[in-house]
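Dear colleague,

Please find below the structure that I am handing over to you. My findings follow it.

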Amino acid sequence: MACMRNGRNALRQIINNVHSSESERMMNPLVFACQGVRHRKLEVILTTNVDKLGKAGETVKVAPGHFRNHLMPKLLAVPNIDKYAYLIRQQRKNASLEEEEEKEEVKVVTVSEEVKMKEYEKAAKRLENARLVLRRAINLERFRTRATKEDPIELRSVVTKEDILAEVARQLCIGLEPDNVHLPSPLSTVGEYEVPLRLPRSIPLPAGKVQWTLNVKIRCA
């Protein structure tokens with residue numbers, strides 16, 4: 001792609017160098033080549049790969065009309081003249097250097113299992129010590145008809161596993177998979193919950209803990 005881009009830039013530079021005066025324009029090698037005799041073919045340098053002609057940088061022979069009407073307007077080729085040949089070589093050389101620099105910048109960073117495990121442990125401890133707070137609208141009709149103040153306050157819409165995953169990512173900047181959260185049924189009332197977490201067994205549990213949990217508190221909006 002870099003070769004194609006630089007080759008076409010070279011042709012644009014060639015076309016822009018054509019002088020405005022009629023006499024000078026007729027003497028310009030590019031325009032003169034375009035007005036070549038029909039019975040002979042022109043030698044041109046391809047600036048990009050062209051089907052049935054050749055690859056970028058190759059010198060091929062084509063009919064003057066084909067060059068004038070198809071190749072030149074689309075910046076696909078330039079006449080095989082020393083000035084333009086040198087320019088194309090320089091452009092292709094620069095393109096090769098750019099490609100090599102791009103390849104050098106791409107480095108594959110491998111993370112060891114030990115580093116991954118430390119990151120997992122750090123994230124698990126954050127989850128264990130954090131409290132996830134969600135605000136939800138309550139069901140006003142059920143709230144007004146409660147028998148006692150101790151009755152649970154129902155939510156207008158339940159809190160699902162997907163809601164918890166989204167809030168963990170937003171509040172704690174930790175990405176969990178759906179399998180990491182064990183929530184048999186959605187949370188439907190205001191209150192505090194300990195949601196079980198299913199983390200890899202290789203992550204050591206804190207002292208006195210039998211499983212990882214996430215503290216979730218649901219408040220009235």
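On a 1 Å grid over the protein atoms alone, a pocket is an open set of points where a 1.4 Å probe fits, with protein on both sides within 12 Å along at least five of seven lines, and its lining residues have an atom within 4 Å of a point. The model is predicted, so local features need pLDDT of at least 70 and side-chain atom pairs pLDDT 80 or more, while totals for chains, interfaces and linings use all residues. Residues are numbered from 1 along each chain as its sequence is written, and side-chain values use heavy atoms, without hydrogens and water.

The largest pocket has 15 lining residues, and Glu119, Tyr120, Ala123, Ile174 and Gly175 lie nearest its centre. Its space is about 300 Å³, a volume being the space filled by probe spheres set on the grid points.

Arg136 belongs to strand E4, residues 131-136 (strands are DSSP runs of at least two residues, numbered from the N terminus). Arg136 is buried but forms no salt bridge. Buried means under 20% relative accessible area, exposed over 50%, and partly exposed in between, for a 1.4 Å probe and protein chains only; a salt bridge needs a side-chain nitrogen of Lys or Arg within 4 Å of a carboxyl oxygen of Asp or Glu. The nearest side chain of opposite charge, Asp163, is 4.2 Å away.

Leu205 lies in the loop between strands E7 (191-197) and E8 (212-220). With a relative accessible area of 35%, Leu205 is partly exposed.

Definitions and conventions. Helices (H or I, at least four residues) and strands (E, at least two) are DSSP runs, numbered from the N terminus. Lys and Arg count as positive and Asp and Glu as negative; His and the chain ends are not counted.
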